[in-house]
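Have the structure open while you read.

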Amino acid sequence: MPQARSEAVATAVPNDLESFWIPFTPNRAFKKAPRLIARAKGMHYYTVDGRAVLDGTAGLWCTNAGHNRVPIVEAIKRQAEELDYAPAFQFAHPKSFELASRIAALAPADLDRVFFCNSGSEAVDTALKIALAYHNVCGQASRTRLIGRERGYHGVGFGGISVGGIVSNRKHFGTLLAGVDHLPATYSREHQAFTKGEPDWGAHLADDLERLVALHDASTIAAVSVEPMGGSTGVLPPPKGYLERLRAICDRHGILLIFDEVITGFGRLGHAFAAERYGVTPDMITFAKGITSGAVPMGGVIAREGIYDAFMRGPEHVAELFHGYTYSAHPLACAAGLATLDLYRDEKLFERAKKLEPLWADAAMALKSVPGVLDIRTVGLTAGIDLASRPDAFGKRAYEAMERGFHDEGVMIRITGETLALTPPLIVSEAQIGEIFDKVGRVIKAVM
């Protein structure tokens, strides 16, 4: 049992790090050498002592338009003064409809119905629930099985970690959802090492879905959920033709295809959505992160017209889908989202990311010869750099690289296992791309 404190803390203690249980963080190590951020602007964070740290990660893949952009800040201020909150059940406010229309206009094909929530994790669980309910209202209630992919990340809700395939995110939480199966991961260092963009090898791995259909029967499978690019697992671009084959198999067997675009949405791969880059139309897209450039929590699901229409039956006074959140389409989030979409449009940030992609890839691959670098993968404005592990401490080298990057080199790096992930805001300059990889190169050499 936790030991009780000898006395209650009556007032806040400056710099008391004890109470906050930090997510996805080794708390004891952090509190010995904290990485505290006081403010941010543009491409930089600033520490509590005023030191600039170049943001090589867009926060958590989310500040695509950069930090503290004036149009977004002003929009949030205006909205807070005008309408702080409106219930999303049985009522609504105008900006929720305006933002939904703007998102639908960006999405491909007939993906034009938007259901709002507050995070990527909520978006994934929402999409899975919609898939199950859709088959139910269509008279196929036996379709309850969900298919994910090994090494997939779909947030931290029970649905998301069930279809997800990152072991450390699953192993402590019991049996999770029943009736879930997984496709194989798409990465092979043997066949794909040091690839710019989509690797040539691996499209055939989509065919494993046919094996799962034969094992379970299509009449039991509701949906397949995949990230177009595996992000949190270490930047795994899809093999050429892989997503097209998944789409074809799903169509053949009446299975819904969900693209988790929480990371890839809003410009990360040079398009509004990765579905556009790959020319594949899923049945649903989940989004979050970049929709508000991280300024206010927001997420959502974009569904195809036919899915929405299937629910629009029965008495008109009865809710068609019994699902939602207190803060769905929160006024401040909608205001931030609209201002963010304006920035993406006016500054052509999606097009900018596409233009910078070759320069970014070349800069990343320049680290290929650094001792201890086992692989580098790039697609859009993302890069994953795999480091050799120490024999007795998997992940320690990458952890030290992140610490050294922050404290000594003034660059923010994300890590997963022994992979360094780099995903800067889309406003990154050519000079800053060089600066990021120069700093990362020095960090890698220092921890080897």
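Two strands are taken as a pair if DSSP finds at least two bridges between them. Keep in mind that this is a predicted model.

With that in hand, start at the hairpin of β1 and β2. Strand β1 (residues 37-41) and strand β2 (residues 44-47) run antiparallel and are joined by four bridges. Two residues sit between the strands of this hairpin, and Gly42 takes a positive phi near 65 degrees there. Look across from Arg39 and you find its bridge partner in β2, Tyr46. These two residues also meet through their side chains: Arg39 lies over the face of Tyr46, 4.0 Å from the ring centre.

The charged end of Arg113 sits over the ring of Tyr308, at 4.0 Å from its centre.

Now for the aromatic rings. How many aromatic pairs does the structure hold? There are seven aromatic pairs. A pair of this kind is described by the distance of the centres and the angle of the planes.

| Pair | Centre distance | Plane angle | Type |
|---|---|---|---|
| Phe116 and Phe287 | 6.4 Å | 90 degrees | edge-to-face |
| Phe266 and Phe287 | 6.0 Å | 80 degrees | edge-to-face |

Phe116 belongs to strand β4 (residues 111-117) and Phe287 to strand β10 (residues 284-287), so their pair ties together parts that are 171 residues apart in sequence. Phe266 comes from the loop between β9 (256-260) and α11 (274-278), so its pair with Phe287 in strand β10 ties together parts 21 residues apart in sequence.

Phe158, Phe173 and Leu177 make a nonpolar surface patch of about 300 Å². One of these residues, Leu177, lies in the loop between α7 (167-170) and β6 (180-183). Leu177 has 37% relative accessibility, so it counts as partly exposed.

Conventions. Residues are numbered from 1 along each chain as its sequence is written. This is a predicted model: local features need pLDDT of at least 70, side-chain atom pairs count only at pLDDT 80 or more; totals for chains, interfaces and linings use all residues. Side-chain values use heavy atoms; hydrogens and water are left out. Patches are made of residues with over 30% relative accessible area and no salt bridge: like charges are joined within 9 Å, nonpolar side chains (Val, Leu, Ile, Met, Phe, Trp, Tyr) within 5 Å. Accessible areas come from the Shrake-Rupley method with a 1.4 Å probe; for residues, only the protein chains shown count as cover. A salt bridge is a side-chain nitrogen of Lys or Arg within 4 Å of a carboxyl oxygen of Asp or Glu. Buried means under 20% relative accessible area, exposed over 50%, partly exposed in between (1.4 Å probe, protein chains only). Rings of Phe, Tyr and Trp (its six-membered ring) pair if their centres lie within 6.5 Å; planes under 30 degrees apart count as stacked, over 60 as edge-to-face and the rest as tilted. A charge sits over a ring if NZ of Lys or CZ of Arg is within 6 Å of the ring centre and within 35 degrees of the ring normal.
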